[in-house]
Amino acid sequence: ELDVAPVAALAEDDAEAAGGPAGAQQTAHSGQSLYSTIDREEASVKENVERTASAVVMIRTPSGLGSGFIISPDGYVVTNDHVIQGDTMISIVLFGQGKDGAIKKSNIDKVKIVATNAYVDLALLKMEGVKDLPIAYLGDSDGMKVGQPVYAIGNPLGLERSVSEGIISTTNRPLSGQTFIQTTAAINP
């Protein structure tokens, strides 16, 4: 599962009318938007899950399962390096909502590895042949405070659509030469 910082209610203004939520900014990568950031007020876990769940995906490899999240409408996905490490046959399961309100799964088999970094345990994937996908907005970790609510959403051990809630325990936990944001959001069955 991936820890996701809290995001908040959308403000109704000109930015929304132009196709994106208020405060959203896009960051260019090779002439196109790779990801978007947003600055929002805190909201409940329920509200955040409703906004974010459709951008959270399941990563499938011959070695196992993991979680990731869509960062661009044209199919870029962030996941952990350990989820895909050593694998080249990767598929991604998208979770949408059917007409009857039930969760509808779509499998994308054309996925390429764009970049990996084992040291920070991140990987960037690209789904081919997709467009207009929902995205997860990135926040600014510099603004996080101890005690702030957070949630994790994903597919731990293949248990689809799991959500857990917690708080930020510390924003500067040193471990193995790196500094981490520690949370109490349980990532388990």
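**An antiparallel sheet and its hairpins**

Mentor: In this predicted model, 7 strands make an open sheet, ordered E8-E7-E4-E5-E6-E10-E9, with antiparallel pairing. The edge strands are E8 (103–108) and E9 (111–117), and each pairs on one side only. From one strand to the next, the twist averages 30 degrees. Its axes are lines fitted to C-alpha atoms, with angles from 0 to 180 degrees between N-to-C directions.

Trainee: What should I know about numbering and confidence rules?

Mentor: Residues are numbered from 1 along each chain as its sequence is written, and side-chain values use heavy atoms, leaving out hydrogens and water. Local features need pLDDT of at least 70 and side-chain atom pairs count only at pLDDT 80 or more, while totals for chains, interfaces and linings use all residues.

Trainee: What is the mean pLDDT of the chain?

Mentor: The mean is 83, and 81% of the residues reach 70 or more. pLDDT is the predictor's confidence in each residue, from 0 to 100. Over residues 1–19 it stays under 50. For that stretch the model has 60 contacts beyond four places in sequence. A contact means heavy atoms within 4.5 Å.

Trainee: Why are E6 and E10 called paired?

Mentor: Strands are DSSP runs of E, at least two residues, and helices are runs of H or I, at least four, numbered from the N terminus. Two strands pair if DSSP finds at least two bridges between them. E6 (residues 76–79) and E10 (residues 122–127) have 4 bridges, so they pair. The sense is antiparallel. Thr 79 stands opposite Ala 123 in E10.

Trainee: How many bridges join E7 to E8?

Mentor: There are 6, and the strands run antiparallel. Ile 92 has Ile 108 in E8 as its bridge partner. E7 and E8 form a hairpin with 5 residues between them. In its turn, Gly 101 has a positive phi of about 90 degrees.

Trainee: What joins E9 and E10?

Mentor: They pair in the antiparallel sense over 6 bridges. Ile 113 stands opposite Leu 125 in E10. Their hairpin has 4 residues between the strands, and there Asp 121 takes a positive phi near 55 degrees.

Trainee: Why is the charge of Arg 161 said to sit over the ring of Phe 95?

Mentor: The rule asks for NZ of Lys or CZ of Arg within 6 Å of the ring centre and within 35 degrees of the ring normal. The charged end of Arg 161 is 4.4 Å from the centre of Phe 95, so the distance passes. The charged end of Lys 126 likewise sits over the ring of Tyr 76, 5.4 Å from its centre.

Trainee: How do you know that Lys 46 and Glu 50 form a salt bridge?

Mentor: A salt bridge needs a side-chain nitrogen of Lys or Arg within 4 Å of a carboxyl oxygen of Asp or Glu. Here the closest N and O atoms are 3.0 Å apart, so the pair qualifies. Both residues lie in helix H2 (residues 45–52), 4 residues apart, about one turn of the helix. The whole structure has 2 salt bridges.
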